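Visitor: Before we go through this model, could you show me the sequence and the structure together?

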2 protein chains.
Amino acid sequence: MADQQHTAGGSGGSRPLWFTPPDGEQDRRRTLTRERLVAEALAVISTGGVEALSMRALATRLGVVPGALYRHVRSKEQLYDLILDSVLAEVDRQADHSLTWAAQVTALAHRLRAVLEQHPGIAALLKTRDPLSPHSLALAEAFLAPLHAAGLPERQAALAFHLIYDYTLGFALSDPTSPSEQRIQDPATRRELHAFLRSLPIDRFPALTALGEHVWADNRDERFTSSLHTLISGLQAAHRPHQAGQ
Amino acid sequence: MADQQHTAGGSGGSRPLWFTPPDGEQDRRRTLTRERLVAEALAVISTGGVEALSMRALATRLGVVPGALYRHVRSKEQLYDLILDSVLAEVDRQADHSLTWAAQVTALAHRLRAVLEQHPGIAALLKTRDPLSPHSLALAEAFLAPLHAAGLPERQAALAFHLIYDYTLGFALSDPTSPSEQRIQDPATRRELHAFLRSLPIDRFPALTALGEHVWADNRDERFTSSLHTLISGLQAAHRPHQAGQ
DNA sequence: CTATACAGTGAACGATGTTCACGGTCAAAC
DNA sequence: GTTTGACCGTGAACATCGTTCACTGTATAG
């Protein structure tokens, strides 16, 4: 690591007093690797969201010219693939086998949501791909294992996986911190919105005027928890069809 | 509609034989309106998806220079807003009051999905916005009305709305016809994928090897219908908590 | 010691969203 | 009936983006 470049200054090493070559900068050469690309890209995303990630920004952050990135990554799309896999690797897939399958799946969904919301804009990318990267497959396995072990029929287990996985992704996707565009977040505009909803013509929007404030409430956590519960209780109802009518 | 421009050629109308002014082209002036922008943009999206919609492409389609669009639309983002509202207007919101609230909501969700999938890429846009456009509000009303009429408690009705609406959007978002990037669609690659799933190490991916083929099956319609059913039966279970225990 | 594969450079290409001074046309005001 | 002014589209430019490519130096293998 601390190997000096004697040939950098010229021939011998007889005059380091007058011109010391920039030691640190030499190390940067050859150290640009795929892992560093992904790591730095994730850092950019964590601060500025996925829209702040441009090849040029990433390159300058790595002290490199934009074209250099294409030695390690075929395209930006491929970089996205690597990033997504790296993000999914952060999800703790360990299951507590003493819990119900429902509880296991619920816990996993919560962890997935947490990781996704730590990387603003990532969920949107994930939605455009089939989960076939290494850590995607591992995550799918982690979701499917409890369902399989619980004895759900094959098709039903697959449907349950899709339902839970897709819903979690979709929920994380609508995180207001990611695009920060047109979503309500600060309480002031929310109050303004509530006032607007109340002011709607009650004959044309009876349900909205009555329920609007609850629909646009600031309760993302409650919504996720409750929805997940609803969803899984629906699955359970299908699993053991007691009074299965219709 | 058929009003000729007498002054176009110069002073009088005495010599249409020798130089006929390009009648059709004159009409193009002053006829560029917000509605035409949106309509033509939707046409572009229907053919090439949302990624094919660039301001330049839209402008040339309208026989106009790119900058001209900004007389009618403040930005592309605003154009998206108009497009989304126009798409949501296509959803038939009429309810059949002889049906259960569950059946009404289900039918509406199906219609929403159908409209969204007719405009590839639109669902992704919709997810980044709060549904506050005129037709968004009307659609929300259409979803909320049956829930409200059924006597669901306010918070529960709001949660139910979010659950169904978000799920439908998320489902339409993962339509393989939209981004046509990295998703499995043709049967050949699907068979290849199934073979790959079977070839996974069975000790590390027991559930995936067993259920993988069902997870990546070609059954979008079945998945949507079944998921919606599951989801609503979960809502019903919460509505009348018979044996509600945990 | 020489040859070769390779990583990073610098510059360019094409496409994107957006802005702005300019000119022409239509409709209202005097 | 002439003039004024608002408005709409033009043409050209700017900044930024992803991506490509000939070139150059370095490190490693023969």
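This is a predicted model: local features need pLDDT of at least 70, side-chain atom pairs count only at pLDDT 80 or more; totals for chains, interfaces and linings use all residues.

Visitor: Which element gives the largest share of the surface near DNA strand D?
Guide: The elements that contribute two or more residues there are α4 (55-61) and α5 (76-88) of chain A. The largest share, three residues, comes from α4(A).

Visitor: And which element gives the most to the surface near DNA strand C?
Guide: Around DNA strand C there are 21 residues, of which A:Leu32, A:Gly67, B:Ser54, B:Gly67 and B:Lys76 come nearest. Two or more residues are given to this surface by α3 (55-61) and α4 (76-88) of chain B. The most, three residues, is given by α3(B).

Visitor: What kind of axis relates the two copies?
Guide: Chain A can be laid on chain B, with an RMSD of 0.0 Å, by a turn of 180° and a shift of 0.0 Å along the axis. The two copies are thus related as by a two-fold rotation axis.

Visitor: Which residue of chain A comes closest to the rotation axis?
Guide: The copies meet through the same surface, because 100% of the interface residues of chain A are also interface residues in chain B. Judged by C-alpha, the residue of chain A that comes closest to the rotation axis, at 1.8 Å, is A:Gly234.

Terms used
Residues are numbered from 1 along each chain as its sequence is written. Chains are lettered from A and ligands numbered from 1 in the order in which they are written. Copies are superposed by least squares on the C-alpha atoms of residues with pLDDT of at least 70 in both. Two residues are in contact if their C-beta atoms, placed from the backbone, lie within 7 Å. Helices (H or I, at least four residues) and strands (E, at least two) are DSSP runs, numbered from the N terminus. A residue is near a molecule or strand if its C-beta atom, placed from the backbone, lies within 6 Å of it.
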